[in-house]
Amino acid sequence: MEAERKAMVAVVKAHGVQDDRVLAAMGKVRRHVYIPEAHRGRDSYGDHPCPIGHGQTISQPFIVAYMTQRIGVKPGMRILEIGTGSGYQAAVLAELEAEVFSIEIVPALADHARGVLAAEGYSTVKVKTGDGYKGWPEHAPFDAIIVTCAPADIPKKLVEQLKDGGRMILPVGTGIQQLVILEKAGDSFKEIPDLHVRFVPMVKGSEE
Ligand code: SAH
């Protein structure tokens, strides 16, 4: 699938992602193996979301690259991802040498992601089965938080778990969603509206 991957990177680049490290990581991570076998095909590298079972999708390559670029991933950064899904976004972050913590609410997807990430050599990625609204306080604060499912509003606990000077990127809204980049500075934060997007909703955990 090397040729498909190269073509995918060219499309992502043509759509405006210029960061060479991000493009190199996207060129390296084997996207198709993160897509469960029943849903896998040549199309695994098309610039669109793909089903991964349980009513969920792996995000479109451009969006993965774009969000990764916007958080400015540097080696050693501690990053929290909400919505592990297939594990693909987590792998891209790990390929960029970030320390990745990822939370997935559907146990079968969390298990799948753990298995693929380990098999692909990204065994440092920590995947927790649980409710992303709570974040992962034991490992906070995070340099960056990337949310890959859409809450109706910005989850407070996630803002609390962001480092001073840290950055969170998330789709917000029901129906029409917009990416928001939140930059934390002391007790206040700046919200920068960005692209319109379409993600699966961030579901409320049973105890909420
Ligand atoms: N980043 C993923 C794409 C995930 S799709 C990838 O690279 O494949 C969004 C995921 O968010 C789904 O797997 C869904 O189950 C999960 N999700 C939805 N609500 C959640 C919540 N409250 N906490 C954690 N995960 C959630």
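Strand β2 gives the most to the shell around the ligand, with 3 residues; strands here are DSSP runs of E with at least two residues, helices are runs of H or I with at least four residues, and both are numbered from the N terminus. The model is predicted, so local features need pLDDT of at least 70 and side-chain atom pairs count only at pLDDT 80 or more, while totals for chains, interfaces and linings use all residues. Residues are numbered from 1 along each chain as its sequence is written, and side-chain values use heavy atoms, with hydrogens and water left out.

**Shell around the ligand**
- At least two residues of the shell come from each of β2 (56-58), β3 (78-82), α5 (88-95) and β4 (99-104).
- Among the 26 residues around the ligand, E81, S86, E104, G132 and V203 come nearest; a residue is near a molecule if one of its heavy atoms lies within 4 Å of it.

**Polar contacts**
- A polar contact is a pair of N or O atoms within 3.5 Å.
- In the side chain of E104, an N or O atom is 2.6 Å from an oxygen atom of the ligand.
- A nitrogen atom of the ligand lies 2.9 Å from a polar side-chain atom of E81.
- A polar backbone atom of I105 is 3.3 Å from a nitrogen atom of the ligand.
- Of the 580 Å² of accessible area that the ligand has on its own, the protein covers 99%; accessible areas come from the Shrake-Rupley method with a 1.4 Å probe.

**Overall fold**
- The protein contains 7 helices and 9 strands.
- The C-alpha trace spans about 45 × 35 × 35 Å along its principal axes.

Note on methods: A polar contact is a pair of N or O atoms within 3.5 Å; within protein, one must be able to donate a hydrogen and the other to accept it, and residues adjacent in sequence count only if both atoms are side-chain atoms.
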